[in-house]
Structure formats: C-alpha cells, structure tokens
Amino acid sequence: FRAEGGIDAGGLFRDSIDSVCGELQSSILPLLIPSPNNKAAYGECRELWTVNPSAKLPTHIQMYEFLGSLMGMSFRLSHLLPLSLPSLFWKQLMSDSVDRSDLKHIDTFCVQCLEDIANIEKKGIDKSTFSGVIDVCFGKTNSDGTETELMKEGKNIKGDFDNRKEQDKLVEKARLEEG
C-alpha cells in the first residue's frame, strides 16, 4: 500500500489482512495447502485449505506462530479472517474431538476407500479373493502427497482381509492427526 493515498477507517487495515490471508491460501507460502477435495474437485467442501503436514522447519513454526497471532488479533478485534479452513483445524484448535466426518470434509475419496475396504465383504470379496482385488500396505499418503508409514516397516506389511480393519483405524487416526 506504499504510495497509495487513503483514509484508514479500517478499510486499508482490512485490505492488508485480506492480502495476507490470500497469500496464506496460495502457493506463495508453505503453511496451508489445498485439501485433497480442493485439488481433485471432488466431494464436499472443495474450497478448503488444510495445514501442510510437511511444514515443520523452524521457519515454518515461526510462520505458524505469526498465523496464531493474526488469528488472536482478529478475535480480539472481531474481524473475520477470510481463511477457508476445515472443521478438523478448528476442532483441534479448540481441543475438541475429531472423527471421520471431519476427514471427509477434506478428503472424501480417502473416507470412501476406507469404508469400502472395511466393508468389502458386502461386495462379495472374502479372504481368498481379497489380495487379488486390493493391494494395500500399512502406509498412507498425506494431504501433501508424501508417504508415511503407519507402523514400523509399514510399507513392507501387506494389508489383507484379516488386518484391513486395523489398517482402516490407523489410516483414519494418522490422517486426523497429520496437520
């Protein structure tokens, strides 16, 4: 806003905050990334952004602290921040419990896959045919596309008919905690 004239009755301040939020929800800064629903244009809540699970450097932590200060200031001033963050973010911020419905808001496809595999017997798949239809291991893909193991050597442990529900719970837990 340098060299721009204006009388600030809150308008310039709001514009600057809106610009910061616009940069947060862009590829300019590494803190927030489009949710899988946003990237794939699939499912509900396609406009949401989520915390980048790979943003863990000290610089990123300082940026998150600044974001927290920005949020605190906005609460004190009753100024709404134009951030499209999911219920998963807000519930965790308030130490509220999160569940699969919160995950569905950011990654509908993941939830559908988990439910399909957990209930695969309803589709006529049994222990003898499972491995011919489903090829999974005890790993998962994060919101940012990086791979994470759900347990030690998880990428080497094949999912099967008997352990599919354990894998379902581990994926859900990891995805709910990834940010």
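**The main core and its helices**

Analyst: Of the 16 residues in the largest nonpolar core, the ones touching the most other members are Leu24, Leu32, Leu67, Met71, Leu81 and Leu83. A nonpolar core here is a set of buried Ala, Val, Leu, Ile, Met, Phe, Trp, Tyr and Cys residues joined through side-chain atoms within 4.5 Å, and buried means under 20% relative accessible area, with exposed over 50% and partly exposed in between (1.4 Å probe, protein chains only). Helix H1 (11–24), strand E2 (49–51) and helix H3 (58–77) are the elements that each give two or more residues to this core. H3 brings the largest share, 4 residues. Helices (H or I, at least four residues) and strands (E, at least two) are DSSP runs, numbered from the N terminus.

Before going on, a word on the source: this is a predicted model, where local features need pLDDT of at least 70 and side-chain atom pairs count only at pLDDT 80 or more, while totals for chains, interfaces and linings use all residues. Residues are numbered from 1 along each chain as its sequence is written, and side-chain values use heavy atoms, with hydrogens and water left out. The chain averages a pLDDT (the predictor's confidence in each residue, from 0 to 100) of 90, and 94% of the residues score at least 70.

Now zoom in on Leu67. Not counting residues up to four places away in sequence, Leu67 touches Leu24 and Leu83; contact means heavy atoms within 4.5 Å.

How do H1 and H3 meet? Phe13, Ile17, Val20 and Leu24 come from H1, and they meet Leu67, Leu70, Met73 and Leu77 in H3. By class, that contact has 8 nonpolar residues, no polar and no charged ones (Ala, Val, Leu, Ile, Met, Phe, Trp, Tyr, Cys and Pro count as nonpolar, Asp, Glu, Lys and Arg as charged, and the others, Gly among them, as polar). In soluble globular proteins, nonpolar side chains tend to be buried together. The two helices, H1 and H3, pack at an angle of about 145°, with their axes 13 Å apart; axes are lines fitted to C-alpha atoms, for helices over the stretch in contact, and angles run from 0 to 180 degrees between N-to-C directions.

One more stop on H3: His60 lies in this helix. His60 counts as buried because its relative accessibility is 12%. Leaving aside neighbours within four places in sequence, His60 is in contact with Pro30, Leu31, Ser54 and Ala55.
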